[in-house]
Structure formats: structure tokens, C-alpha cells
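Colleague: Could you take me through this structure? I would like to begin with the charged side chains and then turn to the helices.

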Amino acid sequence: MQYACYQSLVSDRRASKGDYLPQVSIFGGAGQEDTQYSSGQKIDQDLTRTDLGVSVSQLLFNGFRTQADVSRLGHEAESERYQLMVTAENLSLDVSRLYLELVKAQEIVELSKRNVVSHQEILDDVHDRQSKGLSSQSDYAQISARLATARASLVAAQNNQFDLEAEFYRQTNTAPRNLSVPRSDVSVLPDNLQSLIDQALETHPAILEAKADIEAAKQEYRGAKSNH
């Protein structure tokens, strides 16, 4: 939708340039005419009138309104383009966050599975010891409770993973498969905080969008003064 808005503003800007060009109008008409006076004399006459003509005009000066409109629409189109970039980058950040959360969720599920297996082995060992009279019933009940808790944690971890997978599919229309821990490329990062701030002020689309909006407002104000 935002791309369509951008294309619309580009078309509006192209149309606004039409005021720089000569205007050609063709007019015509035909029909009955009832004439009662002509040159001050009373007459009563029915005529069949036909008109056909061409009018050519050229705008010479309108207080720079056309120039301001063209410039304003250009800045508004740039603002919409930067907004499109902001939306795309925010979507990329959301997908990246989901990816990292999915990697973490998968690791938690694996750890939960290992935790269940470990508690199951302990329970089997306690059960074997109990059958030989080496462990009490309370030990067996305690380990059983811990195993139940481990299984509940596994179910919760799996549900969280399923939710994240569904959200990832909704955002990307692709099922998450073969996920791996990403490695950041520190070589593309600025050397210090000030360099990062300077780079953001020069290239961040949200800041550039705000600047374009300011310039568009200035041109709109300039065009509003054309009647003076």
C-alpha cells in the first residue's frame, strides 16, 4: 500500500508540471437559440446555432505556486519512499528477533528433553534401589514429582516454540528449518559511538523522512503565499 502511495505522489508531481506547458482547449456546441433582441432592436427569431473553436493559453506567472507544488510533491514522494524503507527495515528487525527467539526456543526444548531423560533415569534408579530396600517411598515420590515438573516444563517450552514458528511463518510465509546461531560481522560496525550517530543522522530513513516532511511543509507554505 505504501508503494502505491509513493507511485501516486510521483504521478501527481508529474501532473503538476503540466502548468509549465501550453494549455489547449477545444470547445464546441450546437442547438436551438431564441433571439429576441439584436443591437437594441426587438426581433423574434429562432436559430440553430453551432460553435466550434480552439483556445491556446500559456501560464506566464502565478506567484511561483506551480514551482512550489512540484517541489512539495517531490519531497512528499521522497518522504513516502523513506517510510517504505522504514517499514521494510522494521519488518526485517521483527523477523531477525523471531529468528533469534526461535533458535533460543529450540535450545530450551532440547535442554528440557535432556532434563526429562535425566530425571527418568534417576527415577528408574531410585525405583530399582527401592525394590532392593535401599531407598524409601518418600525418595521415590520426590523424584516422581521432579519428573512431572520436568515434563511440564518441556510441554511449555514446546508450546512456546510452536507459537514462535507460527509467527515466523506469518511474517515470512516460510517455515523455519535448519536454524543456526548467526555470527555478527563486526567489520561493518562504526569504530565509535559518535561515528554511529553521524552515520544515523545522514542515512537513517526515519530521519530522512522527517527532513523530507519539513521541506514539503516549507514548499506548501511557499505556495500558499503565491496569491500575494
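**Salt bridges and helix contacts**

Modeller: D69 and R72 are both located in helix 2, three residues apart, about one turn of the helix. Helices here are DSSP runs of H or I with at least four residues, strands are runs of E with at least two, and both are numbered from the N terminus. This is a predicted model, in which local features need pLDDT of at least 70 and side-chain atom pairs count only at pLDDT 80 or more, while totals for chains, interfaces and linings use all residues. Residues are numbered from 1 along each chain as its sequence is written, and side-chain values use heavy atoms, with hydrogens and water left out.

Colleague: What do D69 and R72 form, and how far apart are the closest N and O atoms?

Modeller: They form a salt bridge, and the closest N and O atoms are 3.9 Å apart. The term refers to a side-chain nitrogen of Lys or Arg within 4 Å of a carboxyl oxygen of Asp or Glu.

Colleague: Is R72 buried or exposed?

Modeller: R72 is buried, because its relative accessible area is 19%. D69 has 24% relative accessibility and therefore counts as partly exposed. Buried means under 20% relative accessible area, exposed means over 50%, and partly exposed lies in between (1.4 Å probe, protein chains only).

Colleague: Which other residue forms a salt bridge with R72?

Modeller: That residue is E76, with the closest N and O atoms 3.1 Å apart. R72 and E76 are four residues apart in helix 2, so about one helical turn separates them. E76 is partly exposed, with a relative accessible area of 23%.

Colleague: How many salt bridges does a search of the whole structure find?

Modeller: The search finds six. One of them joins the side chains of R170 and E167, at 2.7 Å from N to O. R170 and E167 are three residues apart in helix 3 (residues 137-172), so they too are separated by about one helical turn. R170 counts as exposed at 58% relative accessibility, whereas E167 counts as partly exposed at 25%. As for networks, salt bridges that share partners join D69, R72 and E76 into one.

Colleague: Turning to packing, at what angle do the axes of helix 2 and helix 3 cross?

Modeller: They cross at roughly 160 degrees and come within 8 Å. Helix 2 is therefore roughly antiparallel to helix 3. Axes are lines fitted to C-alpha atoms, for helices over the stretch in contact, and angles run from 0 to 180 degrees between N-to-C directions. Angles under 35 degrees count as roughly parallel, over 145 as roughly antiparallel, 65 to 115 as roughly perpendicular and the rest as oblique.

Colleague: What kinds of residues make up the contact of helix 2 with helix 3?

Modeller: The contact has 20 nonpolar, 15 polar and eight charged residues. Ala, Val, Leu, Ile, Met, Phe, Trp, Tyr, Cys and Pro count as nonpolar, Asp, Glu, Lys and Arg as charged, and the others, Gly among them, as polar.

Colleague: And how do helix 4 and helix 5 cross?

Modeller: The axes of helix 4 (residues 193-203) and helix 5 (residues 205-224) come within 6 Å and cross at roughly 45 degrees, which means that helix 4 is oblique to helix 5.

Colleague: Which residues meet there?

Modeller: A200, L201, E202 and T203 in helix 4 meet P205, I207, L208 and K211 in helix 5 (contact means heavy atoms within 4.5 Å). By class, five of these residues are nonpolar, one is polar and two are charged.
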